[in-house]
Amino acid sequence: GIMNNKLGELTNKFGKKLKMERKKRNLSQFALAELSDLNKNSIGVIERAENSPTLETIEKLANALNMPVTELIDVSKVDL
């Protein structure tokens, strides 16, 4: 199915949201990783919903993207 080898719907939506916000800012996965002090592979893993980010990671990402955590985790408008 569509969710093959992936975590739940929320994780999938968060990955899409993160990618959208990153692209909006013309940042590569590597650049975002550097800005958020994360491993360079972490961003791709999160965007592909292969892993669910911790709250600490979400906070680092939100800070790096210069947006509130609440806005980054609001996936109510994200379609899969």
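The model is predicted. Its largest nonpolar core holds 17 residues, and the elements giving two or more residues to that core are α1 (9–24), α2, α3 and α4 (55–64). The buried residues of α2 pack against the other three of these helices, namely α1, α3 and α4.

**Nonpolar core**
- Among the 17 residues of the largest nonpolar core, F14, L18, L32, I43, L61, L65 and L72 touch the most other members.
- Two or more residues come from each of α1 (9–24), α2, α3 and α4 (55–64).
- The greatest contribution to this core is that of α4, with four residues.
- In soluble globular proteins, nonpolar side chains tend to be buried together.
- With neighbours within four places in sequence left aside, the contacts of I43 are L18, R22, Q29, L32, A33, S36, L38 and L61.

**Helix α2**
- L32, A33 and S36 are the buried residues of α2.
- Viewed down the axis of α2, these buried residues fall within an arc of 105 degrees, so they line one face of the helix.
- An α-helix has 3.6 residues a turn, so residues three or four places apart point the same way.
- E34 and L35, on the other side of α2, are exposed.
- The partners against which the buried residues of α2 pack are α1, α3 and α4.

**Residue A64 in α4**
- A64 belongs to helix α4.
- A64 has a relative accessible area of 17% and is therefore buried, the cut-off being under 20%.
- Apart from neighbours within four places in sequence, A64 is in contact with L32, L35 and S36.
- A64 and S76 are 12 residues apart along the chain, and their C-alpha atoms are separated by 22 Å.

- D37 is situated in the loop between α2 (29–36) and α3 (42–47).
- Just after α2, the phi of D37 is positive, at about 60 degrees.
- D37 counts as exposed because its relative accessibility is 62%, and the cut-off is over 50%.
- Although D37 and A64 are 27 residues apart in sequence, their C-alpha to C-alpha distance is 8.8 Å.

Key. Residues are numbered from 1 along each chain as its sequence is written. This is a predicted model: local features need pLDDT of at least 70, side-chain atom pairs count only at pLDDT 80 or more; totals for chains, interfaces and linings use all residues. Side-chain values use heavy atoms; hydrogens and water are left out. Buried means under 20% relative accessible area, exposed over 50%, partly exposed in between (1.4 Å probe, protein chains only). A nonpolar core is a set of buried Ala, Val, Leu, Ile, Met, Phe, Trp, Tyr and Cys residues joined through side-chain atoms within 4.5 Å. Contact means heavy atoms within 4.5 Å. The arc is that of the directions from the helix axis to the C-beta atoms.
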